[in-house]
Each structure stands twice: as C-alpha cells, then as structure tokens.
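Subject: Handover of the structure

Hello,

I am passing this structure on to you. Please have a look at it first, then read my notes below.

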Amino acid sequence: MAEYEPKIIAFVCNWCTYAGADLTGTSRIHYAPNVRVVRLPCTGRIDFMLILQAFGQGADGVIVSGCHPGDCHYTAGNFHARRRWMLFRRLLDFVGVDMRRVTFSWVSAAEGAKWAELVNSVVADVRKLGPYEEFPQRLGGPGQKPIEVA
Amino acid sequence: MELLRDKAKSLLKSGAVQVVIGYAAGSATDRFRPHFARSADEADRLVFGDGCRQNLAVYLLKPEVRAMGKAAVVGGPTTLRTLLQYAVENQVSDGSAVALALEDGRVEELTSFAAVEEYLAQRPHGLSEEDRAELEQHAGRSREDRWAYWSGELARCIRCYACRAACPLCYCEQCITENNQPQWVPVASDAFGNLEWNVVRAMHLAGRCVNCGSCAAACPQNIRIDLLNQVLAQEAMTQFGAEAGYSVRKEYALSVFKPDDKETFIR
Amino acid sequence: MPRIGVFICHCGENIGATVDCAAVAQAAGRLPGVVHAVDYKYMCSDPGQSLIKEAIREKRLTGVVVGACSPRMHEPTFRRACAEAGLNPFLCEMANLREHCSWVHEKGEVTTQKAIDLVRMLVEKVKRNRPLTPIRVPITKRALVLGGGIAGIQAALDIANAGHKVVLVERDPSIGGHMAQLSETFPTLDCSQCILTPRMVEVAQHPNITLYTYSELESLDGFIGNFRATIRKKARSVDESLCTGCGACIQKCAQKKIPSEFNAGLGRRTAIYVPFPQAVPNKPVIDRARCTYYKSGRCKLCEKACPTKAIRFDQEDELVTIDVGAVVVATGYDVKPTSFFPEYGYGEYKDVITGLQFERLASASGPTLGEIRRPSDNEVPKKIVFIACAGSRDPAKGIHYCSKICCMYTAKHAMLYSHKVHDGQAYVFYMDIRAGGKMYEEFVRRAVEEDHVRYVRGRVSRIYQKDGKLIVKGVDTLLNSRPVEVEADLVVLATAMTAQPDAEELAQKLKVSYDGDKFLNEAHPKLRPVEMNTAGIFVAGACQAPKDIPETVAQASGAASKVAGMFSRDELSREPVVAVVNRQPPPVWSTCVGCFLCETACAYQAIEREEIRGRDGSLIRTIAKVNESVCQGCGTCVALCRSKSIDLQGYTNEQVYAELLAL
Amino acid sequence: MSAPVKHADGTAGLAEAVAAATGESVFNCYQCGKCTAGCPLAEEMDLAPNQVLRLLQLGQPGMDEEVLGSLSIWLCLTCEQCSTRCPQEVDIPKITDWLRQESQRRGVANKKAKAILAFHKSFLDTIRRGGRLHEVGLITTFKLRTWRLFQDVLVAPKLLARGKLSILPHRIEGHAGVKRIFERCEAEPANPAHKGDQA
Amino acid sequence: MRFGFFPGCSQEGSSREYQESLREVASRLGIELAEIPDWNCCGATAAHTLNHRLALALPARTLALAEQAGLDEVVVPCSACYNRLAGTRHELLHDEALRQQITDIIEMNWHGATRILNVLEWLNRVAGELPGHVSAPFGHRVACYYGCYLTRPKALAACRRIEDPIEMDELVRAVGAEPIRWAYKVECCGAGLSVSRTESVARLSERIVSDAVERGAEAIVVACPMCHTNLDLRRDAILAAAPPGGRSRLASIPVLYISQVIGLAMGVSPRPLGLHRHHVPVRLSAAPPSVAPVAPGEGEE
C-alpha cells in the first residue's frame with residue numbers, strides 16, 4: 001500500500017461492543033476498514049498479554065472495549081477489567097510504551113454510531129502517530145504475512 | 001546476634017519449630033547466604049547484618065524446606081509482609097510458621113498472623129521517600145526518554161529468571177513462560193520477549209508485591225526491575241487503597257472492585 | 001491434521017456486492033489446514049446448509065468456518081447444521097463478513113482483504129476448537145421460598161399450583177408479613193386483610209406446600225438444581241400438633257403489656273401470643289425473652305390453662321435439612337423508626353408516628369378498632385400532618401433512593417383520615433408526587449379534589465411540641481417559599497423503606513449480591529428482573545427494592561414461573577462455555593497453585609476448593625475447581641490466573657492467541 | 001455530577017464560580033425547601049435560601065445579578081440551621097459568604113444592607129488597629145458610618161454603669177502582625193474570584 | 001488540671017461576668033486556666049462575611065500561639081469564637097494547600113496539635129469534681145439555651161444530639177437545677193445582626209424568651225456571650241417586639257451563664273460571679289421547684 005494504513009486490533013466483549021458493532025453494520029454506518037476485531041465473551045476475559053501481543057504482531061493501535069459500568073452481562077467483568085487496565089496502563093506508560101496507541105472505551109450494544117466514531121478517531125490518531133516501529137516485534141512466531149488478493 | 005541465636009536455639013529445643021531459616025556468613029565479609037538451622041550448632045552459625053537483604057520467606061514454600069517441618073523465618077518487615085501475603089494466597093496457614101522479626105538488633109518472635117499484623121501496623125507503610133523520589137524522577141522524564149531507557153535496560157535481560165527464583169511471590173509451579181499452549185512469551189531472549197517477560201512479571205505481582213527488592217538484587221545484569229513493581233504498588237495504593245501484606249483479610253486489588261473506581265482514561 | 005471447510009456467503013448482495021466472495025474463498029482455500037472452500041449466494045438457506053453438510057461428510061471436515069453475517073445472528077443455525085452432519089457443533093465458527101465488513105466499508109480490495117483476514121482468524125481459531133458437550137445438571141423439583149409475606153405467599157402458591165413441592169419459611173410466628181398489617185390498599189381502598197387472609201389459608205392447606213413458621217434459614221449450600229438448605233425451627237414452646245388454638249393460655253398470661261409488633265408498637269400483647277387473630281398457623285408461641293417463667297423460673301399459668309397439655313417449656317430449636325432445586329428470596333423490608341429523625345423529635349413525641357403505625361390506627365383490627373386516635377391521649381386529632389420523604393431521598397441521612405410507595409399511601413392515609421374524621425383537616429408536606437401506575441394519579445387527585453387534603457410543597461424543617469400540639473415548621477415553595485407553620489395534633493412520617501436489618505447476612509448466606517442500601521440485586525436490571533446472579537436463586541418483593549403490592553405480586557409470580565419453567569425439565573442443559581481448571585496426572589495434579597485469588601473475582605461463586613488426597617487420605621494440596629453448573633463463562637478468572645491454569649472453553653487461550661497470531 | 005453551567009453567551013455563570021471558589025455545587029439542591037422552612041429570618045428575606053439556589057441553578061440573564069443584589073445574602077445569620085438539616089448537604093452559609101464577597105467585589109451590594117456592611121467593616125477596623133475588638137470603638141465607628149447616632153444610646157450607659165465598657169482600646173503586642181495579616185488577606189487573591197476583597 | 005484559655009473580646013468588655021464567673025468556678029475546682037499569650041480576635045461574623053481568608057487567618061494566628069505555648073487543649077467559652085477556632089482548625093486540617101496558604105499569611109507554623117473545647121465539653125470533662133463542691137443546689141427550673149454554635153456545624157460534632165442537645169441540661173441537673181424541655185434550645189437568637197438590625201433580632205430573641213417563660217422556666221441558662229447580650233441586654237427591644245399584653249411576663253426572667261449557675265450552686269456570692277452586671281436583675285425566688293428537694297436558691301442580688 002502506498003500510503004501508510006494503520007493496523008488496528010480490537011478486543012471486544014460479545015454482549016456490548018461486538019453487538020454494538022453489529023448495530024453499526026445494520027445501520028450501514030461506514031468506518032475505516034483498518035480494524036480487526038477479536039471477539040471475547042467479556043472484557044474480564046481480556047488478558048493484558050493480548051494487548052502486548054497485538055503490538056508484537058505489528059499493530060499500530062489497539063482498541064479495548066466492552067459494556068459500560070453496570071451493564072456487564074456478567075455483572076462485574078468490566079469492573080475487574082477496568083482495574084487491570086488501570087495498572088497495566090500505568091506500567092506501560094512508565095516504561096515508555098506509547099499509550100496514545102491504546103484506546104479503552106465503553107461501547108454498548110446500542111451505540112453503533114459510537115463504535116464507528118471510535119474506530120475512525122483511533123485510525124486518524126494512529127495515522128498521525130505513524131507506524132509503531134519502535135515496538136519490538138515477535139519473531140519466529142506462527143504469525144503469517146497477509147495473503148495478497150489474487 | 002546472640003539474641004537471635006538464643007531465640008533460634010530455644011525454638012529448636014522446645015520443638016516449636018524444626019528449622020530456622022536465617023542467614024549465615026557467605027564467601028566474603030559482606031556476603032551472606034541463606035542458612036537452615038536445625039540444631040543448636042547450626043543455630044550458632046546464624047548471623048545478621050546489613051547485607052542480609054534477601055527475602056528468606058521464599059524458602060517457606062519450597063518442598064524441601066516444608067519437608068523439614070515447621071519453620072521460623074528471620075527477616076524484616078518485607079519478610080513479614082510476605083508471610084501475610086502467603087496467608088492471603090492460601091500458601092501458609094496460621095500458626096504453621098514463626099517469624100523472627102529483626103529490628104535494631106532486637107528479635108521479636110511472632111507466632112500468629114495476628115501478631116504479624118499488629119507488628120506491621122506499627123511500622124511505616126508505603127514506599128520509602130527515596131523509592132518515591134526515584135519513581136518520580138523516572139516518571140518525570142519524557143516518554144521517549146523512558147522508552148529509550150527501558151528498552152535499553154530490558155535489552156540486557158538474559159532471561160535467566162533469577163528474579164523469578166528470588167521472588168517469594170513467584171511460586172507458580174508452572175510459570176506462564178513455561179506454557180507453550182499458546183507460547184505466551186517467546187523463549188528466546190529478544191526485545192519483544194524481554195519486554196513481555198518483564199511486563200508480565202510486574203503485572204502478576206501487581207497488588208501482591210511486598211517490595212522486598214529481592215528481584216533486583218538477584219538480577220545478574222543489575223536491571224532495576226524492582227521499579228516496575230514499585231510503580232504498580234504505588235498505583236494500586238493511590239487508585240484502590242490496596243497494599244499487599246499488611247493484613248490476612250486484605251483482598252487482592254485485582255479480584256475486587258468498586259463500582260466507582262476511577263475511569264477517566266476510558267472513552 | 002486439521003481438515004477445515006470454509007463457506008463464504010454472499011448474503012445476496014449484502015456481502016457479495018462489496019466483498020469479492022470468490023476471492024475470499026480462494027484465499028481461504030490456500031490457508032494451511034483448509035481442505036475445502038466455497039462461496040455461495042445464501043449459505044443459511046436449505047441448499048446452502050446442505051453444501052456444508054455434504055462437505056462435512058464427503059471431505060471428513062474437522063472444523064467449519066462460515067464467513068457470513070454476525071454469529072449473533074446465525075451461529076445457532078450453522079452449528080445445528082454441523083451437528084446434523086455429525087460434526088460436533090462447537091467445531092463451527094463464524095467470520096462476520098456482513099455487519100463487521102461489507103455493511104460498514106466501501107467496495108474494494110481493502111474490504112476484501114479485511115474479509116480474508118477475518119476468515120483466516122477464525123480458521124486459525126477453529127483448528128484449536130475442541131468438541132464440547134452441553135452441560136447437564138439434574139434438578140431437585142422442590143422450591144424453597146424465604147419469607148411469608150405477600151411476595152412469598154404468591155410465589156409459593158404459584159409454584160405449588162404448577163404441581164411442584166414448596167417449602168415456605170417464615171421467621172415470624174405467622175405468615176402474612178407487612179401486608180397483613182395494612183388497613184386499606186391504594187388505589188382501590190379494598191381491605192388488605194380481606195384480600196390477603198384467604199391466600200394465607202390457602203398456603204396452610206395446600207398439599208404441595210410445607211410451611212415452616214417461626215423458622216429461619218440457617219445455611220444454603222449447593223448450586224442450581226441441587227441446593228441443600230438447613231432451616232432452624234425456633235422453639236415455639238408449644239406443641240403444634242396438640243395445640244388447638246383455643247387461646248386459653250393467652251387469656252391467662254401474666255405478661256400483658258408487651259408492645260405488639262403486629263400493631264407497630266401501638267397495641268399490647270402477652271408473652272404467649274398469636275400475633276393477630278387471623279394468623280396462620282393460629283397457634284401461639286412463647287416469647288421467651290418476655291415470659292415470666294423463663295425470666296424467673298415461676299409462673300406456668302399457660303401450662304395450667306392449656307386443655308390439651310400442649311405447652312413445652314423445654315422445647316429446643318430444631319434443624320431441618322431439605323434438598324431443593326430453586327430458591328425464591330422474598331424476605332421483605334423494614335421501615336425507619338421515628339427515632340431516626342432528630343429534627344422531628346428523636347422519636348420522643350408520642351404523637352409523631354410512622355406510616356405503618358397509622359395503618360394500624362386506621363385498621364379495623366387495630367388497637368383503636370379503626371378510629372383515628374392519637375397515641376398520647378387517645379383523642380381524635382383534628383389537624384393531622386403527613387410528611388412524605390421522611391428519610392427517603394435524604395443523602396445526608398444516608399438514604400438516596402425514593403421509597404416509591406409513600407406518595408400513594410400518604411394520599412391514602414390522608415383520604416382515610418378525611419373519611420373518618422369529618423371535621424378534621426389533613427395536610428401533606430411533599431417534595432414531588434410520584435403517582436405512576438394504573439389509577440394512581442387519579443387516586444391522588446381524589447385526595448385533593450374530593451377530600452380537600454391540603455398538599456404543601458416543601459420539606460418540614462422541624463417539629464416541636466408545645467401545649468399538647470405539635471408545631472410543624474415547613475415551607476411552601478409554590479408560594480414564594482413562604483414559611484408555613486401548622487399546629488398539628490398528630491404527625492405521620494412516611495418513613496423510608498429500608499432493607500431488612502439482616503439483609504446483608506442473608507445475602508452472604510445465599511451468596512447473592514446486594515447494593516449499597518443492602519437491597520438484593522437482580523441479575524439484570526431490565527431483562528432478568530427476578531433472577532439473581534447466582535443461578536437457581538430468584539427474588540421477589542421489597543427485599544430487592546421498594547415496591548408496592550401489585551408490583552410485588554407480579555414479581556413473585558414472575559419468579560414462580562421461572563421456577564416452574566426450570567422444574568418443567570428433568571435436567572438443565574447449558575452451553576459448555578465455562579471455565580475449567582486443568583488437571584494433570586500425578587504428581588502434578590494441576591498447575592493450579594491454589595492461591596484462590598480467582599475466588600473473589602468470580603461473580604457467581606463458581607470457584608470451589610478441591611482437596612487432592614493421596615491413597616491414604618492425606619491432603620496433598622488444595623486446588624481450584626470450577627463448578628460448571630454455576631459458571632457463566634465470563635472468563636474473568638482466566639485472565640486473572642497467573643499460571644494460566646484456568647481456561648475458558650470456547651475461548652481458550654490457545655484459540656484466542658491463534659486468532660491474534662493470524663493477523 | 002453537575003455540569004458547569006454557562007450562559008447563552010458562553011460566559012461562566014455564577015453557579016460555576018461558586019463551585020470553583022467554595023467547592024459547593026448549587027445543582028445538588030433539589031428545592032425541597034427545608035432550608036427555608038428552618039431559616040430564622042426567611043420571613044424577612046427578599047429571596048428565600050432555596051430561591052437563591054434556584055436562581056443560581058437556572059442562571060438565566062439577570063438572575064445572577066438578582067442574587068448578588070439581594071438583601072437575603074446579607075441577612076443570613078450563618079446560624080447553619082439550613083446546612084445542618086439539608087438532605088443534600090449543601091453548605092448554604094459557605095455559598096452565602098462567598099456571594100457576599102462577590103457582591104462587594106462587584107459593588108452591587110443591596111442598599112438596605114448598608115448598616116449590616118457598615119457594622120462588619122467597623123468591626124474589622126477595630127481589630128485591624130488593635131488585634132482585638134474594642135466595643136466602644138466599634139460602636140463609634142459604626143455610628144459614624146451609618147449616621148445612626150442615637151442607636152443604642154440607651155444601652156451604652158447601662159454597660160458603662162455595670163463596668164462593661166472600657167473607653168480605651170486594648171492593643172495586643174502582635175498588633176503589627178495582625179495588621180500584616182489583614183494586608184495580605186486583602187491583597188493577594190485566594191482565587192481570581194476573590195480579587196479585590198475589601199473589608 | 002490545667003487548660004488553655006481563650007476568653008474572646010467580649011469577655012474583656014461587655015460580657016466580662018462570663019469570664020469572671022468561669023475563672024471563679026475553675027479556681028474553686030482547682031483548675032488552672034492558662035490564657036493564650038497575646039491572642040487576637042477570631043474575626044467573628046464580620047470576617048467570614050467579608051473575607052474568607054481573613055476568617056481563617058485570624059483564628060489561625062491564635063491557634064498557632066496556643067500551639068507555641070504548648071497548650072494541648074484550649075477552652076473557648078464564647079460559642080461564636082469556638083465556632084471560628086474549631087471550624088478553622090477543622091478546615092485547615094482537611095485541606096493541606098489551604099493550611100500552607102494560611103500559615104504563610106500568619107508567618108507562623110501550625111500543625112493542629114491543640115484541641116479546642118467549648119465550655120460544655122470542658123465543664124462536662126470536669127463535672128466529676130462538681131458534686132463535692134455543691135453547697136447550695138440551684139433549685140430552679142431553667143431553660144438551657146444552646147444557640148447555634150454549640151451544636152453546629154455537624155462536622156465539629158461537639159454535641160451528641162444535634163437537634164436536642166443535653167450536655168448543658170446534664171450540667172445544671174448536676175448542680176440541683178431542673179432543666180425544662182422546650183423548643184428553642186438550638187434556634188438562633190440573631191446575634192450576628194444584633195447591632196445592625198436590632199428589630200429582626202429582637203423578634204427572634206422574643207420567641208426564645210417567650211417559650212422559656214411559657215414553659216415555666218425561672219431562668220434561662222446560656223453558654224455564649226452573644227446569646228447573653230441578646231437575651232439580657234436587649235430585653236427592652238424584646239419586650240417591644242412582644243405582642244402587647246404579653247410583655248410583663250417576659251420582663252423579669254433572668255439570663256445566667258452556665259458558669260454563674262454552677263458558681264451559685266457552689267455557694268459563691270453573686271458579686272464575684274458578676275451577677276450585678278446583668279441588665280435583667282437576677283432575682284430568683286427562694287421557693288424550690290416541686291420536684292427537686294434542694295436548698296433554696298442563692299441567686300438574689
């Protein structure tokens with residue numbers, strides 16, 4: 001690709017943000033195609049290692065999103081996740097990881113438009129920041145290069 | 001020193017404990033090694049001095065030590081905090097270990113968690129002034145500088161896992177690094193793997209670390225990995241009021257929550 | 001070697017017009033492990049599903065990825081198709097090419113590339129899927145209902161009428177609860193006891209209902225379908241099987257001045273007593289704390305009076321253990337006493353009473369036989385002041401919430417007063433009137449328009465007593481905030497409805513969650529209003545939040561229908577998306593180190609402790625175990641586990657990593 | 001909880017300024033009126049306490065000025081009855097104190113409050129001079145400020161007769177320090193809104 | 001026993017009998033009251049009305065002086081001064097930035113070591129000593145008037161029952177008086193506007209005096225010079241505010257400081273207690289109230 005296209009990986013919960021992104025679709029709201037969504041049952045399931053791995057996998061930006069506080073399908077998974085993120089952010093920031101590239105957001109199943117806005121703004125922000133070249137890449141892993149369209 | 005030896009001997013003699021985990025003189029005058037005293041003679045080799053910084057609580061969970069019987073462990077506040085954190089984590093039960101708290105040459109025998117809690121309640125909590133200043137100094141630098149520093153430091157990591165071995169709270173029988181389904185942390189000592197290892201180590205100790213410094217002391221590359229633990233300890237304290245190892249009833253900061261925990265960073 | 005089949009759906013134009021489906025299928029076909037990849041116009045149609053089924057059979061597929069719409073739409077469809085072809089349904093995954101791709105991006109190479117990525121992610125995931133079987137849990141078809149107020153009565157009757165056994169536990173000597181204390185009910189003004197007591201009798205006589213009054217839940221163990229409840233039957237000191245309820249003992253009792261709980265302290269009772277005449281069961285209990293015999297060792301007048309020799313001074317508490325499959329919690333509420341209000345006299349003015357006390361004054365079965373007479377001198381009050389929001393909506397007093405029923409019952413009280421005291425004048429100090437409900441607003445308007453109740457919009461600052469009057473210092477904010485002072489004969493505080501004082505203790509016994517005000521939490525505020533976050537436990541009535549009788553009854557019936565629905569099957573079947581703690585052969589047993597930090601993180605109390613014991617019975621170690629009947633599959637414990645000893649079926653660490661590494 | 005209110009023209013409202021200076025949000029008030037019901041002087045006020053808060057809540061053109069120009073804010077006795085009983089725990093006396101100072105700063109204090117203001121100023125004058133209150137000095141200054149030359153002429157002799165008034169003021173040793181305290185408090189603003197506080 | 005002491009300005013002037021009687025009682029109980037050296041005015045209503053910072057700085061100077069003098073506890077008999085001193089202490093202890101700002105202004109260090117006691121807290125602390133000293137029980141029916149600042153604000157929590165405090169009632173009962181139950185214990189008398197808006201204040205005070213009289217009190221007992229001035233010195237204004245016909249019965253009820261009541265009960269003669277300084281003469285009949293079998297009152301001039 002001639003122009004730099006940021007690679008964004010999103011970790012979302014099944015019940016709110018994934019459903020919200022479905023609503024974006026049914027509402028036909030267009031947004032940047034740079035995002036790849038990994039669906040998990042709950043934000044509580046999102047291991048912080050996944051975020052590191054995403055960057056090690058060449059992501060330029062990461063989105064982590066789930067239900068608003070109080071709306072968790074599992075009562076409290078997002079509350080637990082929020083605490084974990086709080087510490088994780090502090091640590092990564094301390095060692096100098098560019099936290100502008102990690103966006104945490106609450107997107108409910110009703111917020112189709114918010115999902116589109118979120119993706120667009122993250123793509124725009126990360127585009128401005130440029131490729132995250134300083135972050136070390138995972139070598140020798142089973143990751144595959146994208147297959148070109150024939 | 002004599003007080004310590006006497007105490008150890010009387011404990012061993014009365015059968016209150018079968019082993020006293022302490023320090024003995026090491027290869028050089030300022031070096032000490034862990035010493036497991038099981039008899040009066042062995043107790044006579046117990047020493048204590050400025051260089052005795054290793055957190056000996058780490059041995060309490062070792063099967064070999066457990067096999068010796070009930071143990072008394074020698075140490076300062078961080079060793080005691082380890083003991084309480086072990087209690088929180090169901091690793092040591094009340095009354096199954098004795099702590100010999102050392103302070104200004106005095107020895108205090110603490111036989112129950114309650115006694116340890118009370119002892120610690122009267123000692124200062126939180127990070128020391130110097131630790132805090134050091135953290136602030138690091139945090140005060142620009143992100144680019146911080147990254148330059150830490151990527152440089154972590155590049156020197158040889159992944160020997162001495163930090164893990166020294167840490168009393170890294171007691172998993174199968175560490176995440178040894179799990180290859182999936183391969184959480186690449187085995188090779190490369191930049192990514194080193195970053196992952198050091199981040200995961202700090203995160204797994206967040207809300208649990210008692211700030212004994214054994215990890216950094218053990219690091220053959222002299223990387224200040226203890227700072228990673230401290231920054232999280234400080235954050236857990238300011239955000240959640242969580243401090244590990246002061247109470248057996250204290251909940252682990254990451255397995256509880258408050259509905260109104262701060263979330264200004266979430267869009 | 002995995003043999004994966006990939007099926008790309010055009011969804012008519014929906015995907016096909018934007019994404020080059022053929023190219024996606026082609027690319028998928030080149031992925032390692034993929035042995036079959038096709039695209040088709042409508043994959044969810046019968047022919048489309050047949051394509052999948054045939055491929056499974058012919059190509060001996062070990063996994064299927066359908067690139068189509070959202071899995072939230074058609075995952076069940078395609079999984080069923082796979083199952084029909086003999087492939088374990090949990091070996092089928094969907095890539096969302098419609099909602100997450102074709103509908104939200106422009107037509108073009110980039111969008112097709114994204115579709116390929118999405119398919120590749122799921123191919124990598126499905127390679128690591130394991131066949132799973134739904135979890136089956138047997139059910140004990142007996143329900144435990146805690147609380148014998150209107151909520152518990154309704155729930156018990158509904159479940160019993162559905163043909164299931166019910167154990168109803170009430171801690172007071174009689175069922176009936178607060179509703180039995182009420183005079184008339186809004187907005188119809190029908191007599192509360194008249195509509196309630198037949199239900200109480202029905203409970204007592206129902207063949208499917210076992211009633212334990214004067215009993216409390218001691219403990220509850222187990223999980224959905226398989227609970228074991230221990231109930232403490234407190235010693236009544238009366239042999240119920242002998243007692244005929246003749247009341248001779250009550251006549252003779254030496255203690256006659258005990259404030260009656262049923263009359264909210266306005267009437268008196270004896271030490272051996274039946275709380276009220278229509279009590280069910282109509283058998284007395286001895287209040288041992290007040291009984292002369294228990295205090296001094298002498299008396300036994302009741303024993304002498306009893307014609308059937310039913311008095312048992314030496315009776316002891318009895319513990320009963322019952323297996324139940326479901327629990328309905330209907331333990332009701334409490335109200336704040338007048339002593340809660342320093343500015344209204346610390347409860348020291350006899351003629352400042354609570355709404356519940358007014359109910360007793362207005363009730364024909366009450367201490368004044370339904371005449372409104374004030375407690376201090378038994379005079380009929382000519383000026384009466386009702387104060388709404390007494391304690392409710394008062395954060396300074398620690399209560400933020402609205403008690404919901406006070407607006408209505410205060411209107412009712414003022415109305416009843418006006419009907420009973422024709423030359424009296426009623427005032428209501430209020431902040432807002434909340435009268436949402438069928439015929440509610442009309443009811444309040446009637447109080448104003450027909451009964452001329454004077455509603456004053458403002459909160460009362462203070463009440464003090466002078467010359468036998470209560471000076472009520474309020475304000476009318478509708479009248480330029482003019483201070484209003486009323487010299488009242490009786491003041492009724494609509495005191496806040498609160499959780500039962502021991503609600504927290506009960507919640508801990510049941511392992512259910514509760515809010516900051518100690519009201520029990522429903523599983524979802526909108527969609528699961530009668531379930532609790534612990535599977536198999538349901539909630540009804542004011543123990544969940546303040547509510548009125550119709551709402552309580554509706555919720556109780558809702559809870560009962562949930563229980564009946566559950567009991568309509570012999571076993572429960574659940575999606576196997578649950579956490580599991582790994583097990584390994586000895587001497588490792590498991591990589592779990594038993595730190596149990598996951599225990600508190602689980603909202604469902606699904607983490608249990610399993611003791612690994614050697615052949616000689618000695619304890620080797622204690623490790624975590626997930627109760628798959630209780631686990632809901634959120635995976636919070638999985639992310640928390642440092643040694644990665646817990647994993648989530650359907651979203652294992654390996655599966656998720658594989659998805660991620662495919663990018 | 002409460003969004004800072006801005007006027008239609010974008011300028012910050014008085015409610016916002018109150019919050020910034022006192023930490024008290026007028027939006028916590030839900031207008032139950034309990035403050036007014038218990039206020040000893042509500043009957044004499046042009047705006048009842050809850051009405052003051054209501055005007056601040058609405059913040060429509062002219063309302064802020066109405067509050068600052070009201071007599072009510074000067075009548076408040078700071079008896080703290082309102083805040084003690086307020087279900088929403090709004091510290092009305094604290095807000096009122098700030099409103100008085102703002103009213104002064106803007107020079108819009110109610111004319112009828114002249115005597116009250118004069119008294120307070122006279123009071124502080126005597127302290128500025130000697131560190132402690134000198135009652136005769138206070139009354140004299142007050143009278144000169146208000147031209148109420150005959151007020152309390154009946155009371156003063158009673159006091160004198162009972163040995164309760166000292167004609168000469170007492171000056172504490174640290175009076176110079178007290179004077180400096182006055183100067184600093186009146187000079188540097190605690191926050192911008194306090195600028196120009198004049199005693 | 002030794003306590004720090006902050007008399008406050010009015011007790012050097014218009015309310016000097018309060019200080020006189022307090023010191024008299026203290027010395028009889030063997031308590032030393034150590035005046036804070038060179039204390040200054042608390043700033044009262046005027047300061048907090050006109051300048052918030054001044055309202056903190058003035059009391060802060062006195063607090064700092066007390067700390068310098070090594071006083072652990074300071075008795076502040078005037079409720080208004082107590083409110084300012086204890087309130088300032090509370091506010092500064094809960095706001096570090098503000099504390100810094102204020103200590104800069106007063107150019108003194110302050111750490112919050114000294115605790116502030118109101119007169120009731122102090123007297124109740126030493127009440128154990130009273131019984132042995134009571135020689136002439138104060139056998140009268142009295143209305144204990146607390147006013148605003150002994151119970152408020154809540155944060156200072158000086159009294160247990162904020163709407164119906166009983167600390168003074170307990171004290172007078174201990175010296176043989178019978179406290180009545182009445183409605184105006186904590187209603188404001190209006191002292192802050194005493195000079196500048198006398199009519200309003202008279203109206204407020206009239207309600208207080210009326211209620212006390214109507215409920216059969218023979219005297220009103222206060223613990224604040226502001227309240228005393230309003231209820232005693234301004235009695236003529238109160239009478240003017242009373243409905244015609246009801247005036248005469250309001251004229252004679254005396255207003256005593258709690259310290260004077262205790263002093264009289266201890267057998268101190270009126271003059272050292274400053275009773276002669278009152279506007280409304282303290283003439284209490286010798287007849288004891290029916291309930292309390294105590295010796296005749298000693299309150300006459």
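Here is what I found in it.

One caution to begin with: this is a predicted model.

**How the chains meet**

Six pairs of chains touch. Which pair has the most contacts? That is the pair of chains D and E. Some pairs do not meet. Chain A and chain E share no contact, and their closest C-alpha atoms are 26 Å apart. Chain B and chain E have no contact either. There the closest C-alpha atoms lie 17 Å apart.

**Where chain A touches chain C**

Here 39 residues of chain A are in contact with 42 residues of chain C. Helix 1 of chain A supplies the largest share, six residues. What is this side made of, by class? It has 21 nonpolar, 13 polar and five charged residues.

**Chain C as a whole**

Chain C has 663 residues, and 55% of them count as buried. Its C-alpha atoms fill a box of roughly 95 × 75 × 40 Å along the principal axes. Chain C holds 19 helices and 34 strands. Take the contacts in chain C between residues at least 6 apart in sequence: 70% of these join residues at least 24 apart.

The domain assignment of chain C lists these parts:

- domain 1: 4-126
- domain 2: 142-177 + 192-232 + 317-332 + 524-571
- domain 3: 248-305
- domain 4: 334-498
- domain 5: 579-661

**A buried helix in chain C**

Look at helix 12 of chain C, residues 355-362. Why is this helix largely enclosed by the rest of the structure? Because eight of its eight residues are buried. They are C:Gly355, C:Leu356, C:Gln357, C:Phe358, C:Glu359, C:Arg360, C:Leu361 and C:Ala362. So what covers the buried residues of helix 12 of chain C? The cover includes strand 19 (333-335), strand 20 (352-354), helix 13 (406-420) and strand 27 (490-495), each from chain C.

That is the handover.

Best wishes

Terms used:
Residues numbered from 1 in each chain as written. Chains lettered and ligands numbered in written order. Predicted model: local features only at pLDDT ≥ 70, side-chain atom pairs only at ≥ 80, totals over all residues. Contact = placed C-beta atoms within 7 Å. Helix = DSSP H or I, 4+ residues; strand = E, 2+ residues; numbered from the N terminus. Nonpolar A, V, L, I, M, F, W, Y, C, P; charged D, E, K, R; others polar. Domains from an automatic or database assignment. Buried ≥ 20, exposed ≤ 12 C-beta atoms within 10 Å, placed from the backbone.
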